[in-house]
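Student: I have a structure to learn. Could we go through it by question and answer?

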Amino acid sequence: MEELKPVPPAPKKKPNPILRLLAFLLTLALLLGAVALVAYRDRINLDAIKRYFTYRSLERSDSGQIDAFQFDSSGRGGFSSLGGDLLVWSSAGIRLYSSSGVEYLNDALSLLHPVADIRDDAAVVYDAGGTILRVYADRTQIFSLDAEQGHEILSARMGPGRTLAVVTRETGYKGVVTLYGSNFQPTMAIRISTRYVMDAIPSQDGKTTAVLTVGQSNNAFESTLALYDKTGDEAFAQCSLGNNAILDLSCSGDMFWALGETGLSIVSTDGTTNLTCDYGGAYLKDYSLGGDGYAALLLGKYRAGSSTTLTTVDSKGETIAALDLEDQILDLAASGRYVAVLTASTLTIYTRDLQPYALLDNTMGARNVVLRSDGTAYLASGETAQLCIPN
């Protein structure tokens, strides 16, 4: 009988030095890439990649400008970005244009005091003090409201998921806030008879509605932000904003932002945080609440003059960065993580910590800038506009 012998183990294969070198180089490249992403996160970011793939088919100049296009507008109004398009709203109505000037929407209306509010991919345009309100999304009108006389519209704000908050007059009350669901059917009404209602805005998650009211406390003017849950029966928090006339409201994350003439108030959606960042005696020249978790303020020591300070403030009321400017600022806008400053000769786009991100020397006489969250911006002047794309 044949004796079985153990099979000797196969000799160990010596590692290929070339493969080891390649693995080392790959690891080193990944490490250096991660370091570079951290060190240059304001330059190398997903927005730059997104812009490359989104706009690579568009013809543009060396400075990143697309050919200007003409639009129809008359009377008072403004400009906003809606789904990547340019929304032009004025006393003559509402129009929507693509970045190359294709007109997608032309809604002729007579608006004495046109106001617009944008959230996500929907916009509401209404006649403040009038009876006309329209909501637009997907390049079409998706809702219309024509209020009765005596129920004039005081303000309107888009909420998450194409919901809507509308403040109107109503006999026997000093203001009524009506909340509309995504199907634009009324879901809740808040009727207030003790203080005048100026504005209302839903939170980012739709669970809380902040109602701005004004009245008197100890014989002094006082602004208050009252917070309501979905029942709307009674405010679960009353946050005093002091003797400060509020100019604008916004919601970012879990914070409500109330910007006033003398200070910026930041209130948490649960009412537990209520802090105010005053302007230190400076005058508010311009502002934008469009940033992601921060506000951009343009403050001046004097009412007149071009010497100003651009300041960004975070949700804790702390200054992120401040930058002294000497040129006359025509327009200021914040969106996402960027801030745009327009002068008569240049458009400068900064990051939220006010580090230069992009510069455009020829603004073609633009008077307004509409900044978008990916760092691109529309420049508008008179009846022409053009899209600028940072290189």
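This is a predicted model: local features need pLDDT of at least 70, side-chain atom pairs count only at pLDDT 80 or more; totals for chains, interfaces and linings use all residues.

Student: In what order do the 4 strands of the open sheet come?

Tutor: The pairing in this open sheet is antiparallel. Neighbouring strands are turned by 15 degrees against each other on average, direction ignored. The order is 6-7-8-9.

Student: Which strands stand at the edges of that sheet?

Tutor: Look for a strand with a single partner strand. One side of such a strand is left without a neighbour in the sheet. The edge strands are strand 6 (114-119) and strand 9 (140-146).

Student: Is Arg134 buried or exposed?

Tutor: Buried means under 20% relative accessible area. Arg134 has 10% relative accessibility, so Arg134 counts as buried.

Student: How many of the 6 residues of strand 10 are buried?

Tutor: Strand 10 (residues 153-158) is largely enclosed by the rest of the structure. That is because most of the strand is buried: the count is 5 of the 6 residues.

Student: Which residue in strand 11 is the bridge partner of Arg157?

Tutor: Strand 10 and strand 11 (residues 164-170) run antiparallel. They are joined by 5 bridges. The bridge partner of Arg157 is Ala165.

Student: Which residue takes a positive phi in the hairpin of strand 10 and strand 11?

Tutor: This hairpin has 5 residues between the strands. The phi in question is near 65 degrees. The residue is Gly161.

Student: Which residue forms a salt bridge with Asp199?

Tutor: Asp199 lies in strand 14 (residues 196-202) and its partner in strand 10, 42 residues apart. The closest N and O atoms are 2.7 Å apart.

Student: Which residues join Arg157 and Asp199 in one salt-bridge network?

Tutor: Salt bridges that share partners make the network. Besides Arg157 and Asp199, the network includes Asp117 and Asp248.

Student: Which residue meets Arg191 in a salt bridge?

Tutor: Arg191 is in strand 13 (residues 186-192), and the partner is in strand 11, 21 residues apart. Arg191 is partly exposed, with a relative accessible area of 43%. The N to O distance is 3.3 Å. The partner is Glu170.

Student: How many salt bridges does the count come to?

Tutor: The pair of Arg191 and Glu170 is a salt bridge, and so is the pair of Arg134 and Asp146. The count comes to 10.

Student: How many aromatic pairs does a search of the whole structure find?

Tutor: Now we turn to rings. The search covers the whole structure. The number of aromatic pairs is 6.

Student: What kind of pair do the rings of Phe71 and Phe79 form?

Tutor: Their centres are 5.6 Å apart and their planes stand at 75 degrees. Planes over 60 degrees apart count as edge-to-face. Both residues are buried. The pair is therefore edge-to-face.

Student: How far apart in sequence are the parts that Phe71 and Tyr97 tie together?

Tutor: Phe71 and Tyr97 form a tilted pair, 6.2 Å centre to centre, with 55 degrees between the planes. Phe71 lies in the loop between strand 1 (69-70) and strand 2 (77-82), and Tyr97 in strand 4 (residues 93-97). So the parts tied together are apart in sequence by 26 residues.

Student: Which residues do ring pairs link into a cluster?

Tutor: Two members, Phe71 and Tyr97, are buried. The cluster links Phe69, Phe71, Phe79 and Tyr97.

Student: Which residue has its charged end over the ring of Tyr104?

Tutor: The charged end sits 3.7 Å from the ring centre. For Tyr196, the charged end over the ring belongs to Lys174, 4.7 Å from the centre. For Tyr104, the residue is Arg139.

Methods: Residues are numbered from 1 along each chain as its sequence is written. Side-chain values use heavy atoms; hydrogens and water are left out. Rings of Phe, Tyr and Trp (its six-membered ring) pair if their centres lie within 6.5 Å; planes under 30 degrees apart count as stacked, over 60 as edge-to-face and the rest as tilted. Buried means under 20% relative accessible area, exposed over 50%, partly exposed in between (1.4 Å probe, protein chains only). Helices (H or I, at least four residues) and strands (E, at least two) are DSSP runs, numbered from the N terminus. A charge sits over a ring if NZ of Lys or CZ of Arg is within 6 Å of the ring centre and within 35 degrees of the ring normal. Two strands pair if DSSP finds at least two bridges between them. Axes are lines fitted to C-alpha atoms, for helices over the stretch in contact, and angles run from 0 to 180 degrees between N-to-C directions. A salt bridge is a side-chain nitrogen of Lys or Arg within 4 Å of a carboxyl oxygen of Asp or Glu.
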